[in-house]
Amino acid sequence: MELNADFSKPVVVHSDRIDWQPSPIKGVDRRMLDRIGDEVARATTIVRYAPGSRFSAHTHSGGEEFIVLDGVFQDEHGDYPAGTYVRNPPTTAHTPGSEAGCTIFVKLWQFDMADRTQFHKDMEAELGAPSEGVATAVLHRDAREVVTYSKLEAGAAMTSHAPGGIEMLVISGTVTVDGDVLERNAWLRLPDGAALTATAGDQGAKLWIKTGHLTHAKAPAV
């Protein structure tokens, strides 16, 4: 399967406007944003766990990165409430689920295969002092990519000219990009060489942004 697999083209998905699709696990549904592959895939997805749903134990051969958007995600390593950023690098294993239900934004098979740094962070707690209405936390940085979380006040604007591509998820509020209003759970991906300017709406906005990574994009080794 290929979905939004041409990384040389910009793409915007208003994910709350598309239908949920069932996964192979009962009670776990998803909205696919980009994908190369079938059930083993380089994938970016919003995943919804019904209360009491759980995946079987598995190893992330290509790594897993996710944000908890609502509810509480759980595995044998701990409970992760909304606002938590998690990186599970290649070779890590777990049995994920949620007793109360949750929704996550997850990226699979997008790691440096030599990465072994596993961690989780409370994104809000990582924020620095605001500048011109924008407070930002650097969640992760390596030679391939930079991952940030930003909180914008109403009307504030942020820009990025980062090389290597730009990806953005609207966690809450709204932003306007090139005349398009992106609401909660909207997802944008811009190719290498593109620039981003996002202006927050009346309620402000919270944004997750990754830059630099698209020049490394490839299908998983299966």
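Val175 stands opposite Ala200 in S21. The model is a predicted one, with local features needing pLDDT of at least 70 and side-chain atom pairs counting only at pLDDT 80 or more, while totals for chains, interfaces and linings use all residues. Residues are numbered from 1 along each chain as its sequence is written, and side-chain values use heavy atoms, leaving out hydrogens and water. Overall, you're looking at a chain with 21 strands and zero helices (DSSP runs numbered from the N terminus: E, at least two residues, for strands; H or I, at least four, for helices).

**The chain as a whole**

- The chain is as compact as a globular protein of its length, because its radius of gyration is 16 Å, close to the 17 Å that the globule rule gives for 222 residues (C-alpha atoms only; the rule is 2.2 Å times the number of residues to the power 0.38).
- Taken along the principal axes, the C-alpha atoms fill a box of roughly 45 × 35 × 35 Å.
- Of the 222 residues, 51% are buried (under 20% relative accessible area; exposed is over 50%, partly exposed in between, with a 1.4 Å probe and protein chains only).
- Take the contacts between residues at least 6 apart in sequence: 66% of them join residues at least 24 apart (a contact is heavy atoms within 4.5 Å).

**Partners of S21**

- S21 covers residues 196-211 and runs antiparallel to S16 (residues 146-152), with seven bridges joining the two (strands pair if DSSP finds at least two bridges between them).
- Thr159 has Thr197 as its bridge partner in S21.
- S18 pairs with S21 too, again antiparallel, over nine bridges.

**S13 and its neighbours**

- S13 is mostly covered, with six of its seven residues buried.
- S5 and S13 run antiparallel and are joined by seven bridges; Thr44 has Lys107 as its bridge partner in S13.
- S8 and S13 run antiparallel as well, with seven bridges between them; Phe66 stands opposite Val106 in S13.

**The largest pocket**

- The largest pocket holds about 590 Å³ of space (on a 1 Å grid over the protein atoms alone, a pocket is an open set of points where a 1.4 Å probe fits, with protein on both sides within 12 Å along at least five of seven lines; lining residues have an atom within 4 Å of a point). The volume is the space filled by probe spheres set on the points, which are joined across faces, edges and corners.
- There are 29 lining residues, and Glu39, Phe55, His58, His60 and Leu108 are the closest to the pocket's centre.
- Two or more lining residues come from each of S4 (28-37), S5 (41-49), S7 (58-60), S8 (64-75) and S13 (102-108).
- S5 gives the largest share of the lining, with five residues.
- By residue type, the lining splits into 15 nonpolar, ten polar and four charged (nonpolar is Ala, Val, Leu, Ile, Met, Phe, Trp, Tyr, Cys and Pro; charged is Asp, Glu, Lys and Arg; the others, Gly among them, are polar).

**Val68 and Ala82**

- Val68 is found in S8, and Val68 is buried, at a relative accessible area of 2%.
- Leaving aside neighbours within four places in sequence, Val68 is in contact with Phe73, Tyr80, Pro81, Ala82, Gly83, Thr84, Thr103 and Ile104.
- Val68 and Val11 are 57 residues apart along the chain, and their C-alpha atoms are separated by 23 Å.
- Ala82 sits in the loop between S9 (78-81) and S10 (84-88); Ala82 counts as partly exposed, at 44% relative accessibility.
- With neighbours within four places in sequence left aside, the contacts of Ala82 are Val68, Leu69, Asp70 and Gly71.
- The C-alpha atoms of Ala82 and Thr103 are separated by 8.5 Å, and the two residues are 21 apart along the chain.

**Positive phi in two loops**

- Most residues other than glycine have a negative phi.
- Asn4 isn't a glycine, yet its phi is positive, near 45°. Asn4 lies in the loop between S1 (2-3) and S2 (11-14), and Asn4 counts as partly exposed at 28% relative accessibility.
- Asp178, also not a glycine, has a positive phi of about 50°. Asp178 lies in the loop between S18 (166-177) and S19 (180-182), and Asp178 counts as exposed at 79% relative accessibility.
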